[in-house]
Amino acid sequence: MSATQRQKQFDLNRARARGQAPNTASGSASSNNNNNNSGGSKNAVSPRQRKLQTSMESLQVQQPNVSRRAAGSNWMAVAASTPATAPGSENQSTEKTSPALTKSARTRIRKKAQRNCYLAMDCEMVGVGHNGNDDMLARVSIVNRVGEVLLDKHVKPRLEVTDYRTSVSGIRPHDIANGEDFDVVQDEVVKLLHGRILVGHALRNDLAVLNIRHPFEHIRDTSRYKPLCKLVSNGHTPSLKRLTLAVLGQEIQTGEHNSVEDARAAMGIYNRIATDWEKYLERKQHQQQHF
């Protein structure tokens, strides 16, 4: 099954969960494919399932159109009015402290700040202690909203490594022997993540080996988002590999793991269902306030 077909199948499953027909933009061919896949199913869908998948057909967060051709003579005005919608935005401080910048320069800075408001992180670990059962940080990678690498560093071992776990971690002795000190890398990670939304898979393990904390409300963990887990793995905790195949139609981790690839995969999953995820969190917070 190709990547496109997998994505269509994921969209079809979301539409079924909502009790609605999938997007018919592709015409009758799409409709026929839906009928074939569903087998003419007339099973009723509960209101709870519909709520879990509200607006899941949205493939990505829509950004304001600020292209010159689209906005015409008002391009500058439209660009200048583009809002910053996520925590950690540097929009207001940039405009106040850089009055000499042109509007186009401020727009570029604003867009860059928006891309960096959401960061995805993944770590590779090696084994220490008896039989290599304990985890120690060996590599950490952080990417922004569009997958640009902001940090990718190997870390020098602080204890004797008893299992490099190379077949999974991809780490070899010379990688971490030439790495940076843990304290230096830890400090860089803390500065990068401050005030940002952190995306990842099983982030509790990554934060533990880094020995840092991040505000719970600023974490988007793909292994703990219940509506997605229910849709992909019947409520069980899915692997990142399984999620990426189901949501993005891409295969990862076919051999040694790559922390940059895994971070990009987690961000890709979040981007595709970000609207539903944020609405889900808003509803959950609203319910907690009334108890």
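Visitor: Why does Asn-144 count as buried?

Guide: This is a predicted model. Buried means under 20% relative accessible area, and Asn-144 has 0% relative accessibility, so Asn-144 counts as buried. Asn-144 is placed in the loop between β2 and β3.

Visitor: What makes the pairing of the side chains of Asn-144 and Glu-148 a polar contact?

Guide: The limit for such a pair of N or O atoms is 3.5 Å. The side chains of Asn-144 and Glu-148 are joined at 2.8 Å. The side chain of Asn-144 also has a polar contact of 3.1 Å with that of Asn-116.

Visitor: Why is the pair of Arg-115 and Glu-148 called a salt bridge?

Guide: The criterion is a side-chain nitrogen of Lys or Arg within 4 Å of a carboxyl oxygen of Asp or Glu. For Arg-115 and Glu-148 the N to O value is 3.9 Å, and the pair is therefore a salt bridge. Arg-115 lies in helix α7 (residues 103–115) and Glu-148 in the loop between β2 (134–143) and β3 (149–154), so the pair ties together parts 33 residues apart in sequence.

Visitor: How do you know that Arg-115 and Glu-148 are partly exposed?

Guide: Partly exposed residues fall between the buried limit of 20% and the exposed limit of 50%. Arg-115 has a relative accessible area of 28%, so Arg-115 is partly exposed. Glu-148 has 38%, and is therefore partly exposed.

Visitor: What makes the meeting of Asp-152 and Arg-139 a salt bridge?

Guide: Their side chains meet at 2.9 Å, N to O, and the limit is 4 Å. This pair links distant parts of the chain, with Asp-152 in strand β3 and Arg-139 in strand β2, 13 residues apart. Asp-152 is partly exposed, because its relative accessible area is 34%. Arg-139 counts as buried, because its relative accessibility is 13%.

Visitor: How do you know that Lys-153 forms a salt bridge with Glu-188?

Guide: The closest N and O atoms of Lys-153 and Glu-188 are 2.6 Å apart, and the criterion asks for a separation within 4 Å. Lys-153 lies in strand β3 and Glu-188 in helix α10 (residues 182–193), so this pair ties together parts that are 35 residues apart in sequence. Salt bridges with shared partners join Lys-153, Glu-180 and Glu-188 into one network. A search of the whole structure finds 9 salt bridges.

Visitor: Is Glu-188 buried, partly exposed or exposed, and why?

Guide: Glu-188 has 26% relative accessibility and so counts as partly exposed. The C-alpha atoms of Glu-188 and Leu-151 are separated by 8.5 Å, while the two residues are 37 residues apart along the chain.

Visitor: Why is Asn-271 called buried?

Guide: Asn-271 has a relative accessible area of 17%, and the limit for a buried residue is under 20%, so Asn-271 is buried. Asn-271 lies in helix α14 (residues 259–289). The side chain of Asn-271 makes a polar contact of 2.4 Å with the side chain of Arg-145.

Visitor: What can be said of phi at Ala-202?

Guide: Ala-202 has a positive phi of about 55°, although it is not a glycine. Most residues other than glycine have a negative phi. Ala-202 is found in the loop between β5 (197–200) and α11 (203–210). Ala-202 counts as partly exposed because its relative accessibility is 24%.

Visitor: Which value does phi take at Asn-234?

Guide: Phi of Asn-234 is near 55°, again a positive value in a residue other than glycine. Asn-234 lies in the loop between α12 and α13 (240–247).

Visitor: Which residues form the positive surface patch?

Guide: The positive patch is formed by Arg-204, Arg-224, Lys-226 and Lys-284. Lys and Arg count as positive. Lys-226 lies in helix α12 (residues 226–233). Lys-226 counts as exposed because its relative accessibility is 58%.

Technical notes. Residues are numbered from 1 along each chain as its sequence is written. This is a predicted model: local features need pLDDT of at least 70, side-chain atom pairs count only at pLDDT 80 or more; totals for chains, interfaces and linings use all residues. Side-chain values use heavy atoms; hydrogens and water are left out. Patches are made of residues with over 30% relative accessible area and no salt bridge: like charges are joined within 9 Å, nonpolar side chains (Val, Leu, Ile, Met, Phe, Trp, Tyr) within 5 Å. Accessible areas come from the Shrake-Rupley method with a 1.4 Å probe; for residues, only the protein chains shown count as cover. The place of a charge is taken as NZ of Lys, CZ of Arg, CG of Asp or CD of Glu. Helices (H or I, at least four residues) and strands (E, at least two) are DSSP runs, numbered from the N terminus. Buried means under 20% relative accessible area, exposed over 50%, partly exposed in between (1.4 Å probe, protein chains only). A polar contact is a pair of N or O atoms within 3.5 Å; within protein, one must be able to donate a hydrogen and the other to accept it, and residues adjacent in sequence count only if both atoms are side-chain atoms.
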